[in-house]
Amino acid sequence: MKRFSFAVTVIIFAVLLVASARAANDPKVQESLIVSTEWLATHLNDDSLVLLQVGDKDEYLAGHIPGAQFITLADVSTPRGSGLALELPSVAQLESVFEKLGVSDKSRIVVYFGKDWVSPTTRVFFTLDYLGLGDRTSILDGGLPAWRASGKPVTAVIKEPRAAHFTPRPQSQLVVDAAWVSTHLDKPGVIILDARAAKFYTGAEAGSMPRAGHIPRAKNIPFTSVVDDSNKFRSAGALRELFNAAGVKAGDSLTTYCHIGQQASVLYFAARYLGYDAHLYDGSFEDWSHRPELPVEKSEGAKTNKP
């Protein structure tokens with residue numbers, strides 16, 4: 001009996017040792033990328049704070065966090081009909097947009113959604129990250145619903161943004177294209193993550209794309225799995241488990257994609273939060289599936305449902 005107890009103790013110790021070593025090797029969580037309602041309430045009157053609400057304009061006009069400005073995806077994308085559905089515009093356009101919203105070189109930026117627009121909010125974060133402002137930008141966990149639920153004030157008064165200037169420092173390496181993805185599919189340490197719902201990843205449904213399926217060897221983490229029912233981000237531990245289950249290891253470089261580059265920004269943000277080297281395929285599957293020379297895979301047993 002003593003030998004059995006000793007053996008069990010040794011096994012438990014070994015398991016804990018392996019778990020501890022694995023945790024020590026994990027990238028460091030970037031905790032400042034997510035802020036709570038309590039944090040924001042404490043810093044609401046900071047001179048450097050710039051608040052950006054994403055969502056429906058009528059919702060913003062009806063009530064927003066005091067001092068917040070309104071921003072849409074159209075502000076940070078190329079015009080509809082001039083290319084793919086959602087693409088980063090010129091740096092000059094982005095510079096103009098954010099300066100008009102009061103962003104300066106000293107700004108501390110917090111982005112939040114008005115109702116449940118998680119992916120547009122993370123897309124705005126991605127855009128700011130691309131401009132070199134990611135380390136000074138956070139997302140309010142749970143957005144305006146969490147702010148209201150905690151009894152914090154809202155207002156319909158629109159505050160005029162301060163005149164501001166900032167120096168863009170484009171991080172072009174964060175954005176990849178079809179050629180980059182194609183040449184890195186078999187490169188060790190590079191993981192391609194598909195943020196779409198499973199039915200699109202498997203190829204059961206094509207949606208609005210000309211071909212159904214996914215980029216070869218891509219792994220699927222549906223963007224909806226990153227947040228809970230209240231649209232708050234899951235804990236760092238829970239997020240790490242999602243990425244580990246997709247085969248992500250410490251030191252891997254992650255590239256996310258989806259339909260058009262919006263849902264992919266949720267995985268991009270989660271990867272950045274967890275400390276991974278993250279990139280986003282801006283054209284995403286809209287771009288990839290329109291290129292007949294590029295391969296598309298379906299999951300085993302998947303049958304495309306025709307409309």
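**Sheets, crossovers and core of the predicted model**

Within strand β5, S138 is the bridge partner of V110. On another side of the description stands β1, which pairs with β5 in the parallel sense over 2 bridges, with I34 standing opposite I139 in β5. In general, the strands of a sheet pair through backbone hydrogen bonds, in either a parallel or an antiparallel manner.

Taken as a whole, the sheet is open and consists of 5 strands in the order β1-β5-β4-β2-β3, with parallel pairing. Its edge strands are β1 (34–35) and β3 (69–71), each of which pairs on one side only. Helix α5, formed by residues 118–130, packs on this sheet and touches β2 (49–54), β3, β4 and β5, while its direction makes about 160° with that of β4. Together, β4, α5 and β5 make a β-α-β unit that is right-handed.

The side chains of β5 can be followed residue by residue. In a regular strand, side chains alternate between the two faces of the sheet. In β5, T137 and I139 point one way, whereas S138 and L140 point the other way, and all of them are buried. For T137, the relative accessible area is 1%, which lies under the 20% limit, and the residue is therefore classed as buried. A polar atom of the T137 side chain lies 2.8 Å from the backbone oxygen of L133. When residues up to four places away in sequence are not counted, T137 touches S32, L33, R108, I109, V111, F125 and L128.

Strand β6 (residues 175–176) pairs with β10 in the parallel sense over 2 bridges, and the bridge partner of V175 in β10 is L280. Strand β9 (residues 253–257) also runs parallel to β10, to which it is joined by 4 bridges, and here T256 stands opposite L280. The chain passes from β9 through α10 to β10, in a β-α-β crossover that is right-handed. Because 4 of the 5 residues of β10 are buried, this strand is largely enclosed by the rest of the structure.

The largest nonpolar core contains 55 residues, of which L52, F98, L193 and F243 touch the most other members. At least two residues of this core are supplied by each of several elements, among them β2, α4 (91–100), β7 (190–194), α9 (236–245) and β10 (277–281). The element that gives the most is α10, with 8 residues. Leaving aside neighbours within four places in sequence, F243 is in contact with L193, I221, V248, L254, L267, A270, A271, L274 and Y276.

Helix α4 shows its own set of buried residues, namely L94, V97, F98 and E99. The elements that cover these buried residues include β2, β3 and α5. After α4 comes G102, whose phi is positive, near 95°.

Notes:
Residues are numbered from 1 along each chain as its sequence is written. This is a predicted model: local features need pLDDT of at least 70, side-chain atom pairs count only at pLDDT 80 or more; totals for chains, interfaces and linings use all residues. Side-chain values use heavy atoms; hydrogens and water are left out. Two strands pair if DSSP finds at least two bridges between them. Contact means heavy atoms within 4.5 Å. Axes are lines fitted to C-alpha atoms, for helices over the stretch in contact, and angles run from 0 to 180 degrees between N-to-C directions. A nonpolar core is a set of buried Ala, Val, Leu, Ile, Met, Phe, Trp, Tyr and Cys residues joined through side-chain atoms within 4.5 Å. Buried means under 20% relative accessible area, exposed over 50%, partly exposed in between (1.4 Å probe, protein chains only). A crossover is right-handed if, with the strands pointing away from the viewer, the path from the first strand over the helix to the second runs clockwise. A polar contact is a pair of N or O atoms within 3.5 Å; within protein, one must be able to donate a hydrogen and the other to accept it, and residues adjacent in sequence count only if both atoms are side-chain atoms.
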